[in-house]
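Here are my notes on the model you sent over, as numbered points.

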Amino acid sequence: MLEERVPGVATLDAASLAAATADAYRRLARGLDRGDARHAVRFWNFIPGILEPLGDGLDRYRAFNRGRHAAFLDRFPAPTATSWAIPTASGVGVAGDALEIFALACGSPGRAVENPRQRPAYRYSSRYGPVSPAFARATAVETRDGLLLLVGGTASVRGEDSVHPGDLDAQLEETFENLEEVLRSAVRACGVGALRYADLRVHVPRAEDAAEAGRATAARYPGLDALEVVLADLCRGDLLVEIEGLARLDKA
């Protein structure tokens with residue numbers, strides 16, 4: 001696991017934040033190149049004031065996306081009309097003023113997995129910023145213990161649109177369906193048996209939703225090894241929940 005920390009993000013304008021983000025990702029790339037595990041398979045991004053407006057229609061998340069996208073074009077082959085072999089990721093708000101990026105790496109590259117119910121994030125229209133978010137819905141990784149599926153931040157998004165605004169229960173059901181579709185897509189892409197979720201982390205921006213989001217997730221996935229509910233702002237103001245996690249081969 002590698003980490004980059006960019007202090008003082010709260011004082012940066014959009015252009016400076018994009019440049020600082022790109023520099024941080026390029027430093028991570030150089031760190032990967034120095035080690036045995038050279039292939040990033042999962043990123044976690046913690047962005048202070050993630051929805052704070054920075055002018056010209058940009059919030060801090062969209063400015064961050066500019067920098068990440070630029071750095072990924074250096075690292076990964078340019079996207080085609082249908083795919084881009086980039087790792088999965090999550091991006092949520094965090095207290096303080098430092099951008100923190102964590103990268104999980106392996107000795108061999110993972111396999112990007114998309115969700116047919118959703119438009120690939122890197123193909124979002126300009127409604128979500130001048131540069132699209134750069135992440136796959138999930139990454140499949142072969143390990144000595146079998147296939148692992150690393151699933152990035154998943155929410156109540158159909159196509160590229162947020163759905164069920166203001167309705168936590170409906171957003172949870174939509175999110176669960178997206179999580180299930182990612183599993184089905186990975187099974188088809190990798191030619192493996194059934195997958196099951198082992199660990200899930202639930203992010204909610206409103207404290208009053210934490211108990212219900214945790215209860216609903218535990219009821220939907222009763223066999224989890226670990227379940228965590230975290231209070232965090234999300235990348236869209238109309239989203240009430242986002243779930244990320246890890247799935248394994250179901251050996252039952």
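**Notes on the predicted model**

1. Let me start with H164, which at 28% relative accessibility counts as partly exposed. H164 sits in the loop between β11 (161–162) and α3. Its phi is positive, about 65°, although H164 is not a glycine. As background, most residues other than glycine have a negative phi.

2. D56 belongs beside that point. Phi of D56 is near 55°, again a positive value in a residue other than glycine. D56 is also a loop residue, placed between β3 and β4. Is D56 buried or exposed? With 83% relative accessibility, D56 counts as exposed.

3. Now the sheet of 4 strands. It is open, has mixed pairing and runs in the order β1-β6-β2-β5. β1 and β5 are the edge strands with a single partner each, so one side of each has no neighbour in the sheet. From one strand to the next, the twist averages 15°. Within this sheet, β2 and β6 run antiparallel and are joined by 7 bridges.

4. Two helices pack on that sheet. α1 touches β1, β2 and β6, and its direction makes about 155° with that of β1. α2 touches β2, β5 and β6, with a direction about 155° from that of β2.

5. The buried residues of α1 include A14, L17, A18, T21, Y25, L28 and L32.

6. To see it from one side chain, pick F43: among its contacts beyond four places in sequence are Y25, L28, F72, P87, I101 and F102.

7. N45 is a polar residue to check by eye. It is placed in strand β2 (residues 39–48). At 1% relative accessibility, N45 counts as buried. What does its side chain do there? A polar contact of 2.5 Å joins the side chains of N45 and Y25. Across the strand pairing, N45 stands opposite I101 in β6. Leaving out residues up to four places away in sequence, N45 touches Y25, F64, R68, A89, S90, G91, V92, E100 and I101.

8. On to the sheet of 6 strands. This one is open too, with mixed pairing and the order β7-β8-β9-β14-β12-β13. β7 (111–113) and β13 (226–231) are its edge strands, each pairing on one side only. Neighbouring strands are turned by 20° against each other on average, direction ignored. β7 pairs with strand β8 (residues 138–143) in the antiparallel sense over 3 bridges, and A140 in β8 is the bridge partner of R111. Helix α3 (residues 168–190) packs on this sheet and touches β7, β8, β9 (146–155), β12 (195–204) and β14 (242–249). The direction of α3 makes about 145° with that of β9.

9. Last, L234. Which loop holds L234? L234 is in the loop between β13 and β14. Beyond four places in sequence, its contacts include I50, L51, V92, H203, P205 and L239. For a sense of distance, the C-alpha atoms of L234 and T139 are separated by 21 Å, and these two residues are 95 residues apart along the chain.

Notes
Residues are numbered from 1 along each chain as its sequence is written. This is a predicted model: local features need pLDDT of at least 70, side-chain atom pairs count only at pLDDT 80 or more; totals for chains, interfaces and linings use all residues. Side-chain values use heavy atoms; hydrogens and water are left out. Buried means under 20% relative accessible area, exposed over 50%, partly exposed in between (1.4 Å probe, protein chains only). A polar contact is a pair of N or O atoms within 3.5 Å; within protein, one must be able to donate a hydrogen and the other to accept it, and residues adjacent in sequence count only if both atoms are side-chain atoms. Contact means heavy atoms within 4.5 Å. Two strands pair if DSSP finds at least two bridges between them. Axes are lines fitted to C-alpha atoms, for helices over the stretch in contact, and angles run from 0 to 180 degrees between N-to-C directions.
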